[in-house]
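Here are my notes on this one, written as numbered points. Have the model open while you read, and click along as we go.

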Amino acid sequence: MQFYRFPLSGHSHRVELFLSLIGVTADVVEVDLRKGAHKQADFLALNSLGQVPVLKDGDVVVADSNAILVYLAKKFTRTDWLPEDAATAARVQRWLSIASGQIASGPAAARLITVFGAGLNATEVIARAHAILQVMDAELASSAFLAGDKPTIADVAAYTYVAHAPEGNVALDSYKNVAAWLSRVEALPGFVPMQSTAVGLVK
């Protein structure tokens, strides 16, 4: 398998983290976003949206980080990470949607401003970040992980941009349940961190 990534991409880190958690290796192909490598024809042939990450497994090409998590869980029959029962699977899917929605438009977008110079309204995206963090903190008061008492790909999908929210000037100090959840994810066997950047509140 070839794993196309950019090291400061939280979406890429989701895949890197899950590969490590399940003990699967892939050949890493660095895609230099700063030089526009993701907009070149050879990469666009893999993902027409011009985004990392991409996973190439023989003739199968999977783009989108959450889709890759599902693919890997299914391919390696990791029902511990993507349960088959309807209720838990639905809870996992809910958080995959939140990772692509509120987390992407909140903590991830705030980090885009400070790390990549995105022309977004910082006040608006930081407010959105705190809105979803409040929801997460409340729900994590009654469960160890997002979809229940055991880790799933929901936690993998949500972890990186929440953990790195301070880089986007989003303080996590008020969210004790989120902080405890981050620590539980970081204590999982095989956990690997994403490279930090000295921006935002991390200066």
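**Notes on the fold and its core**

1. Let's start with Trp 181. Not counting residues up to four places away in sequence, Trp 181 touches Met 136, Leu 140, Ala 144, Phe 145, Leu 146, Asp 155, Ala 158, Tyr 159 and Val 162. Touching, or contact, means heavy atoms within 4.5 Å.

2. A word on what you're looking at. This is a predicted model, where local features need pLDDT of at least 70 and side-chain atom pairs count only at pLDDT 80 or more, while totals for chains, interfaces and linings use all residues. Residues are numbered from 1 along each chain as its sequence is written, and side-chain values use heavy atoms, with hydrogens and water left out.

3. The largest nonpolar core has 53 residues, and Trp 181 is listed with Phe 18, Leu 72, Met 136 and Val 178 as touching the most other members. Helices α1 (10-21), α3 (65-75), α4 (86-100), α5 (102-116), α6 (122-139), α7 (153-163) and α8 (176-186) each put in at least two residues. The top contributor is α7, with 8 residues. Apart from this core lies another, of 9 residues, including Leu 8, Val 52, Val 54 and Val 199. (A nonpolar core is a set of buried Ala, Val, Leu, Ile, Met, Phe, Trp, Tyr and Cys residues joined through side-chain atoms within 4.5 Å; buried means under 20% relative accessible area, with a 1.4 Å probe and protein chains only.)

4. Now zoom out. The chain has 8 helices and 4 strands, in the order β-α-β-α-β-β-α-α-α-α-α-α. Helices here are DSSP runs of H or I, at least four residues, and strands are runs of E, at least two, numbered from the N terminus.

5. What does the radius of gyration say? For 203 residues a compact globule would have one near 17 Å, and the chain's 16 Å agrees. That radius is taken over C-alpha atoms, and the globule rule is 2.2 Å times the number of residues to the power 0.38. The C-alpha trace spans about 45 × 40 × 25 Å along its principal axes, and 47% of the 203 residues count as buried.

6. Finally, have a look at Asp 27, which sits in strand β2 (residues 27-30). Leaving aside neighbours within four places in sequence, Asp 27 is in contact with Met 1, Gln 2 and Phe 3. From Asp 27 to His 164 it is 137 residues in sequence and 25 Å in space, C-alpha to C-alpha.

Note on methods: Buried < 20%, exposed > 50% of the residue type's maximum accessible area, 1.4 Å probe, protein only.
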